[in-house]
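Let's take a walk through a protein model together, starting with its open spaces and moving on to its helices and strands. Keep the 3D view open as you read.

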Amino acid sequence: MVKKKWFVLFLFIVLISASGFWFYCQNHVVNYVNPNKEMLTTKQIKKNIASKLSHDLQNKQSSLTTGYRKKLTSSRYTLDNPFIKLNPYKTSPLTALIIFKTTQKAKIKISVIGKTAGTTITYNNSKYNKKHALPVLGLYANYNNKIRVQATYKNGKKESKIYTVKTAKLPSELAKTKIKVTKNNKKQMVIGSNKLTFIVRTTHEPFGMDADGAIRWFTANYSQHVFRELSNGHLLYLAKKDNTGNYYNEMLETDYLGRVYKEYQFSTKTHSDEAGTSKGSDETIIHHDAIELTNHNILATVSDGSKKYMEDTIVEISHKTGKIVNVIDMKKILPKSLYTKFSSKNTVKRSDGKRDWFHNNSLYYDKTDGGLVISSRNQDLVMKINYRTHRIKWIFSNNKKWPKAYRKYLLKTKGKISYPGGQHAAILTNTAGSVKRLLIFNNNISVYRGNTKTSKQYSQGVEYTINEKKKTIKEFAQYGKQLGKKNFSYYIGSNRYLSKNNRLIDFGYRNLGESSNIVEYNNKTKKVVFNATISNFAEKGYAYRAERMSLYPQKYCFDLENN
């Protein structure tokens, strides 16, 4: 009898332990099931990337900021006689800083007068102050810009002045770039009072153009791939320490004036394995995307220093320390056969012999459920994982070449659908419930498992409806298929949400890079409201993505005194 009780107790403990282990697995990284000696540890990845915060640029700019603060405290500068400094931080030539005092508290409206109707850039500062230090954005190059400044006092009285600011010519590389606008219905475009279409480039200067195709902003800092707006209204972009350098090894947080608020630096020598014996070549570590998480840390697609694999790792970088606090290696989530047996004629053959099996080209964080949407060009797939546990939520892909254990994650298609093929820029919209919209730019090139019948026949901005609870997907809208081969984009591109109906689509690599075509399309009316073609790029500086962003984001405040 005693033995039976002990056996029952032993069995109970085993069951409790097993259920506890099962619960742990369900809430932790259970997909890390492919241990491989070729994989690097988190410790080694952190060492290879060597991320850190630097204050070099802030220190260089500190004397400029100090000087502007002195101007702000001076009684010399008034609305009749303001201090105006063109390109105040020496990297944004089509911007200015205006400083003056008013005898009474006033709110200020700034307008850079456009050359045509619908191109005036306007900013309303709703705060009442006596001291005013305000950014002037959206100037034309090589032009006598008219800037109207209107002060509205608390008693309702208004006072307005117009100033003229002469700007320099565009740098030669931008000046040679050809921009041809064939459609610009400004009343139907989503441009508001101060939005530009920003061209995120594969290299050289990113720039913003108005509805006429005139360049109204650019940074003198070369950038690559990463260029986005942060929650505080600042910009985040990947840059070089020096424009003449070979690698994009720093990421800057700035405003449109060019003032630097944070500088992340990375090593370009990602060549050590666990034993420290491999000698891979130098490279740019962050390669395609970086986004801001809800905790304000930066999530970035990286090459982690593996001597055999590349562009298959994601890291979270602390905005406080610049150090890596989380690592996701896609080799630990997806089947081993995908990276060990990968081969495709539609990928670039590398001289260093590294295997670009995944090629992660975009990230999107769904704050409603903590999910991370990932786009893999070379696997022709979009997938969503739980960011905390790294567990797969769903996979959108043609069902070819998937091991049986992973087929349960594949979304079930409803009706005719365009499977992703070499796609880019995957984002979700309408994320309040389980039914969501997925937007991608579908290059429509079968790299590994895409649709071989339609491959290279067209590219398209596609929108899908996903029911995450039922794990189903159906096509909602698209633009591009009707354009055929003339708009086929072998590489790059984007499809962005502008409003309930309008989408901004970038066919970034038409005719093997001869041009990029930026289209604003209305899904409801089925009409194009903006169409611009950009060509004659300097040294492969294609339109990697097109973004519609405000020069004066709602949460942005240029605070000369306190920042």
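The largest pocket has a volume of about 1,400 Å³. A pocket here is an open set of points on a 1 Å grid over the protein atoms alone, where a 1.4 Å probe fits and protein lies on both sides within 12 Å along at least five of seven lines; lining residues have an atom within 4 Å of a point. The volume is the space filled by probe spheres set on the points, which are joined across faces, edges and corners. This is a predicted model, in which local features need pLDDT of at least 70 and side-chain atom pairs count only at pLDDT 80 or more, while totals for chains, interfaces and linings use all residues. Residues are numbered from 1 along each chain as its sequence is written, and side-chain values use heavy atoms, with hydrogens and water left out.

Which residues lie nearest the centre of the largest pocket? They are Arg228, Glu229, Leu230, Ser231 and Tyr364, out of 31 lining residues. The largest share of this lining, four residues, comes from β32. Helices (H or I, at least four residues) and strands (E, at least two) are DSSP runs, numbered from the N terminus. By class, the lining of the largest pocket has 14 nonpolar, eight polar and nine charged residues. Here Ala, Val, Leu, Ile, Met, Phe, Trp, Tyr, Cys and Pro count as nonpolar, Asp, Glu, Lys and Arg as charged, and the others, Gly among them, as polar.

Now look for the second largest pocket, with a volume of about 1,200 Å³. It is lined by 35 residues, and Thr202, Gln224, His225, Glu311 and Lys540 are the closest to its centre. Two or more lining residues come from each of β11 and β15, and β15 gives the most, with three residues.

Next, find helix α2, residues 42–49, where Gln44, Ile45, Asn48 and Ile49 are buried (under 20% relative accessible area with a 1.4 Å probe and protein chains only; exposed means over 50%, and partly exposed is in between). Seen down the helix axis, the buried residues of α2 fall within an arc of 125°, so they line one face; the arc is that of the directions from the axis to the C-beta atoms. Turned away from that buried side are the exposed residues Lys43 and Lys47. What do the buried residues of α2 pack against? Their partners are β16 (298–302), β17 (313–317) and β18 (324–329), where contact means heavy atoms within 4.5 Å.

Let's follow those strands. Five of the five residues of β17 are buried, so this strand is largely enclosed by the rest of the structure. Thr313, Val315 and Ile317 point one way from β17, while Ile314 and Glu316 point the other way. Five bridges join β17 to β16, and the two run antiparallel; two strands pair if DSSP finds at least two bridges between them. Val302 stands opposite Thr313 in this pairing. β17 also pairs with β18 in the antiparallel sense over five bridges, with Ile317 opposite Ile324. β17 and β18 form a hairpin with six residues between them, and Gly322 in the turn has a positive phi of about 80°.

Finally, an open sheet of five strands has the order β23-β27-β26-β25-β24, with mixed pairing. β23 (412–413) and β24 stand at its edges with a single partner strand each, so one side of each is left without a neighbour in the sheet. Within this sheet, β26 (460–467) and β27 (472–479) run antiparallel, joined by seven bridges.
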